[in-house]
Amino acid sequence: MRRKNCVNGCGALDELQYEGVAIDQCQQCKGIWLDTSELTEIIQTKKQSWPEATIEKVLATCGGSGVPEKERRRSLPCPLCGDNLPAVNYQGNSGVIVNTCANNHGVWLDAGELSKIQIYMENRHRVGKTFTDKHQQLLNDAEIGDKLRHTESRLERVKEWRQASRKVSGYRDTRRDGFGSIFDFFDF
Ligand SMILES: [Zn+2]
Ligand SMILES: [Zn+2]
């Protein structure tokens, strides 16, 4: 079979073994081409393991839907059919942007994206949890915000009431000059 070429124009890809799967990697840009189903095989094998610190670092960058503009503008040729490989958000919300062949030939992963996907797939329940925690935090913040606003509006009302009562006292005091006896009677 003809050797596949790097989508970034570096030249021919090298075939090597990774988790029992024959993958094609570019030795220059370290990008990887995986034929259809090879990514699933690698994800399911789970031979590779990573230090907790690495997992946490990767998960912190994961999550989020959509494809950033600069990723959408990239034009990469499929190593098999030459068609442009559209950028997609892996799994829809992993936040890892990969390039897949519309003719179902496979997927192009930039340097580091393969392990990122593996870490994400093995730990995505934790990404969900982080999101829930963040969401709860936002709710709590909103609640505190509401309480603060409530207190502020009460303070504002107290201030207004004080100013108003000062005016009333002022009014009464002025009137008292002339009609002392009557207003003394109504004093409160
Ligand atoms: Zn390359
Ligand atoms: Zn293709």
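In the hairpin formed by strand 1 and strand 2, with two residues between the strands, glutamate 19 adopts a positive phi near 50 degrees. Helices (H or I, at least four residues) and strands (E, at least two) are DSSP runs, numbered from the N terminus. The model is predicted: local features need pLDDT of at least 70, side-chain atom pairs count only at pLDDT 80 or more, and totals for chains, interfaces and linings use all residues. Residues are numbered from 1 along each chain as its sequence is written, while chains are lettered from A and ligands numbered from 1 in the order in which they are written.

Strand 1 (residues 14-18) and strand 2 (residues 21-25) run antiparallel and are joined by five bridges. Two strands pair if DSSP finds at least two bridges between them. Within this pair, glutamate 15 faces aspartate 24 of strand 2. Leucine 16 stands opposite isoleucine 23, also in strand 2.

Helix 2 is hardly covered, with one buried residue among its 10 residues. A residue is buried if 20 or more other C-beta atoms lie within 10 Å of its own, exposed if 12 or fewer, and partly exposed in between. Just after helix 2, glycine 63 takes a positive phi of about 95 degrees.

Glycine 64 lies in the loop between helix 2 (52-61) and helix 3 (69-73). Glycine 64 counts as partly exposed because it has 13 C-beta neighbours inside 10 Å. Beyond four places in sequence, glycine 64 contacts Asn93 and Gly95. Its C-alpha atom is separated by 8.2 Å from that of glycine 92, 28 residues apart along the chain.

Mean pLDDT (the predictor's confidence in each residue, from 0 to 100) is 85 for the chain, and 81% of residues reach 70 or more. Over residues 173-178, pLDDT stays under 50, and the model has two contacts beyond four places in sequence for this stretch. Where pLDDT is low, predicted coordinates should not be read in detail.

Notes. Two residues are in contact if their C-beta atoms, placed from the backbone, lie within 7 Å.
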